Amino acid sequence: MINYDIVVIGGGPAGLAAAIEARKNGIESILVIERDRELGGILQQCIHNGFGLHEFNEELTGPEYADRFIKELEDMGIDYKIDTMVLHVDNKKNIKAINSNDGFMEISTKAIILSMGCRERTRGALAIPGSRPAGILTAGTAQRYINMEGYMVGKKAFILGSGDIGLIMARRLTLEGAKVLGVAEIMPYSGGLTRNIVQCLEDYDIPLFLSHTIIDIKGKDRLEGVWVAEVDDKRIPIKGTEKYYECDTLLLSVGLIPENELSNNLGIKMDSRTQGPIVNESMETTISGIFACGNVVHVHDLVDYVTEESRRAGKFAAKYVKGLIKNSENIVKTNSGTGIGYIVPQIIRIENIDKKLKLFMRVTDVYTNIKLIIKADENVISQQKKKQLNPGEMEMVNIPLDKIPSDIAKITVELVKEGE
Amino acid sequence: MLRKEITCIVCPIGCRLLVEKDDKEELGYKVSGNKCTRGEDYGIKEMTNPTRVITSTVKVLNGLLPRVPIKTDGPVPKDKIFKCMEEIDKVVIEAPINIGDIIILDILNTGVNVVATRDMK
């Protein structure tokens, strides 16, 4: 049996930030476990820039952002194991893991930080009809092939879904000499950042078809083409709007799912809206001493916010090991009111908040000129005017601790039209 | 160009800007549809001298991976993006490479260098 104070599962941006912060808070014995061949997670294949604007006040590429944290972790002498798969975690914090150097390992630890990230939804999750030829892959898989392995995925491509990775890959394929015929999005708005729509599609005259989807796929061995149709407001294809696009490649950018097999086996409580563990203000799950952070908790659109949230997990995991977390009698729940899809954290123990309570949330639709209202029980404690809110862009709200009464049962966030 | 519609990317609102040639204006263009002055600056820059940072990869020999990511260390004129890509595609380098190493000096006389964005052992 190997012993550590804190074991971090996943060496992407969340795991790196959590491990570094735990060390800064005085924990010597930390192990990071990563299943890939190197640390850095998905950042290593995100070679485009735009990372770090909040964290470092400059625009970095994904690998550059990862590099800063990997070097800091290595300089601190924090242990890590790559090419290592965690097979099982139990609620007594025993971990079973395996790799080809150490073989099978049993690791016992005082605290665990879950930072396994997320994975892409695949064709199977969408149930697109048609044949199953080669040439259909998720946008992230194509990204890894092109940017890390050096393989080009096709010459003429269509993209389904306007998530950020799909938009980024539209530009990437174009720069590498492929023709991108268009991006179809089933919703009437894009799921990606405006910046990406402009710099990845408009810059290269790639059309974005909102309220459109793929209804059929042609090709036996290799993809030959896709049928695209407009959808109505119930997302049902409209007869007569079908159009055929001849292409050899279809990329899917249709959403991300937190990767929670280990969390589910552990029996921690999950939030059906985020598809991640329910966490409290300290990023602790419903099993004490097991923390979670980053995309395994909820899908973020900016890595900067992952870093911020993961530092909190690292800091409180360190406090947990030292026995410094305050267990409160009064549990406050966050409540998603009108227009709010979810809020993280779901549970708050006010005693553990340091100056400000930070809430991450997503809205359910596109809203313009709207008021975002925060209530402690039924009393409004804060309100902000917002010119525009998009489901594709996560909102962050800071509430000063002195505005939050200590004896409340819930904090509600809701949207109200101006003037109401 | 006399007029162009562009989406502003300065902030998440994404105003639809209309940029029109207007000799009465100090900078030669009038911007409408913007909700702030930053949008005006962006609109005029996009019309007069649009630039972008290019990110891509180059081929690596004897490295952990067969490709290393690169970027231009400053923005290049938008109309030179594909010409720059032709230069980037010609490069083959040997590992080891350090983050920040110059891969192409002063690409196409733009005054901008192409640099590695990670270490490659």
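Modeller: Let us begin with two helices of chain A, α4(A) and α5(A), which cross in a left-handed sense. Everything here belongs to a predicted model, in which local features need pLDDT of at least 70 and side-chain atom pairs count only at pLDDT 80 or more, while totals for chains, interfaces and linings use all residues. Residues are numbered from 1 along each chain as its sequence is written, with chains lettered from A and ligands numbered from 1 in the order in which they are written.

Biologist: What makes the crossing of α4(A) and α5(A) left-handed, and what counts as a helix?

Modeller: A crossing is left-handed if the near helix is turned anticlockwise from the far one by less than a right angle, and right-handed if clockwise; α4(A) passes α5(A) in the former way. Helices are DSSP runs of H or I with at least four residues, strands are runs of E with at least two, and both are numbered from the N terminus. Helix α4 of chain A covers residues 139–149 and helix α5 of chain A covers residues 164–175.

Biologist: Why is the pair α4(A) and α5(A) called oblique?

Modeller: The two helices pack at an angle of about 40°, with axes 9 Å apart. Axes are lines fitted to C-alpha atoms, for helices over the stretch in contact, and angles run from 0 to 180 degrees between N-to-C directions. Angles under 35 degrees count as roughly parallel, over 145 as roughly antiparallel, 65 to 115 as roughly perpendicular and the rest as oblique. The pair α4(A) and α5(A) is therefore oblique.

Biologist: Which residues make the contact between α4(A) and α5(A)?

Modeller: From α4(A) come A139(A), G140(A), A142(A), Q143(A) and I146(A), and from α5(A) come I165(A), G166(A), M169(A) and R172(A). By class, five of the contact residues are nonpolar, three polar and one charged. Contact requires C-beta atoms, placed from the backbone, to lie within 7 Å. Ala, Val, Leu, Ile, Met, Phe, Trp, Tyr, Cys and Pro count as nonpolar, Asp, Glu, Lys and Arg as charged, and the others, Gly among them, as polar.

Biologist: At what angle do α1 and α8 of chain A cross, and is that crossing left-handed or right-handed?

Modeller: Helix α1 (residues 13–24) and helix α8 (residues 303–321) of chain A cross at roughly 40°, and their axes come within 7 Å. These two helices are therefore oblique as well, but their crossing is right-handed. Among the residues that meet are A14(A) and A18(A) of α1(A), and V306(A) and A317(A) of α8(A). This contact has 12 nonpolar, three polar and three charged residues.

Biologist: How is chain A divided into domains?

Modeller: Domain 1 takes 1–120 + 255–325, domain 2 takes 122–254 and domain 3 takes 327–420. Such bounds come from an automatic or database domain assignment. The C-alpha centres of domains 1 and 3 of chain A lie 26 Å apart. Across their contact, 14 residues of domain 1 of chain A touch 17 residues of domain 3 of chain A.

Biologist: Why are β8 and β9 of chain B said to stand at the edges of their sheet?

Modeller: Their open sheet has five strands in the order β8-β5-β6-β10-β9 (chain B), with mixed pairing. Each of β8 (92–94) and β9 (102–104) of chain B has a single partner strand, so one side of each is left without a neighbour in the sheet. Neighbouring strands are turned by 45° against each other on average, direction ignored.

Biologist: How many residues does each chain give to the contact between chains A and B?

Modeller: Chain B gives 21 residues and chain A gives 22. On the side of chain B, β5 and β6 each supply at least two residues; β5(B) gives the most, with four.

Terms used:
Contact = placed C-beta atoms within 7 Å. Pairing = 2+ DSSP bridges.
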